[in-house]
Amino acid sequence: MRATFLGTGGAVPTTARAPSAFLVNRDGERLLFDCGEGTQRQMMRYGTGFGVSHLFVTHLHGDHILGIPGLIQTLDFNDRDASLAIHGPPGSKRHLENLVHAGGYQPGFHVSVHEVRPGNVAYRADDYEVRAFDTEHRTASVGYALVEDDRPGRFDREKAEALGVPVGPAFGRLHAGEDVELEDGTVVRSERVVGDPRPGRTVVYTGDTRPLDSTVEVARDADLLVHDATFTDEEAERAKQTAHSTAREAARIARDADVRRFALTHVSARYAADPSPLLEQAREVYDGEAFVAEDGQKLELPYADSDGGGAETGE
């Protein structure tokens, strides 16, 4: 799984930060979260490819949706024929459909728009789902959590062989949870040679929001939390007025949820020259792996029990 930060700026873009957009490539399936102005160009610039199957919109403010018309038309110009599903918060369907058809445009491929309520599953795949959760902003809004199913436990080959299981298809059946009967009639139960289930990965993307205790439960033990961290402490009152979070407030969510990695995003243009105060204040609260996300930054997300590195890369 690879995450790419396509747009990490606040409502006002800067020369270094585009408006909000975040892409997750999971085994070749591309999921896009928010689509600020110019997202299609960011996708080209950072080499993510255009094969997005689902777009998850957190809310209808312009810096999160104005890239939709351009992306739709670019996909069409590239002879796309696969369908695209767009998901948004309650009350967003008509507005999102208007963006799809901006200027009277009729895409040559199927685009479906769905509203999703907090607590519901926006998209269910074979072995993971994307869930919507409550956020608090100045308009109807949701965040999204990509949650993988548990994986089978580790298969103990040596033990299986010691029990008389022949090398071959029986190994796979045992690992899949099936019991196996040997030629002498002995039944080898799966749980004797397979360990406890191992958790999949979780990526949580809040969009714009005030810090909420409920987010802690959604993000519990997440591999990556991408949280609104628009302001420093000095602008705490502004954060309340505009329904955003400060870096310190977001860090408390990351700390209380015990996430593995914490990305600060939606950075106000106030910090265009130097976003380091955001990270400094966050690190006073959260002592895990925290970083201010940058446009073009790529992050590998290995399983928690793997030996993978998860290196960050830039443009």
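User: Which residues lie nearest the centre of the second largest pocket?

Analyst: Happy to walk you through that. This is a predicted model, in which local features need pLDDT of at least 70, side-chain atom pairs count only at pLDDT 80 or more, and totals for chains, interfaces and linings use all residues. Residues are numbered from 1 along each chain as its sequence is written, and side-chain values use heavy atoms, with hydrogens and water left out.

On a 1 Å grid over the protein atoms alone, a pocket is an open set of points where a 1.4 Å probe fits, with protein on both sides within 12 Å along at least five of seven lines; lining residues have an atom within 4 Å of a point. Here, Gly-10, Ala-11, Val-12, His-244 and His-266 lie nearest the centre, out of 17 lining residues.

User: What volume does the second largest pocket have, and what classes line it?

Analyst: A volume is the space filled by probe spheres set on the points, which are joined across faces, edges and corners. This pocket has about 270 Å³. For classes, Ala, Val, Leu, Ile, Met, Phe, Trp, Tyr, Cys and Pro count as nonpolar, Asp, Glu, Lys and Arg as charged, and the others, Gly among them, as polar. The lining has four nonpolar, eight polar and five charged residues.

User: What lines the largest pocket?

Analyst: Its lining has 20 residues, with Arg-131, Val-147, Thr-202, Val-218 and Arg-220 nearest the centre. They divide into eight nonpolar, four polar and eight charged, and the volume is about 310 Å³.

User: Which residues of helix H4 are buried?

Analyst: Buried means under 20% relative accessible area, exposed over 50%, and partly exposed in between (1.4 Å probe, protein chains only). Helices (H or I, at least four residues) and strands (E, at least two) are DSSP runs, numbered from the N terminus. In H4, residues 93–100, the buried ones are Leu-96, Leu-99 and Val-100. Down the axis of H4 they fall within an arc of 105°, taken from the directions from the helix axis to the C-beta atoms, so they line one face. Those residues pack against helices H2 (62–65) and H3 (68–77) and strands S5 (84–88) and S6 (111–115), where contact means heavy atoms within 4.5 Å.

User: Is Asp-213 buried or exposed?

Analyst: Asp-213 is exposed, at a relative accessible area of 69%. Asp-213 sits in helix H8.
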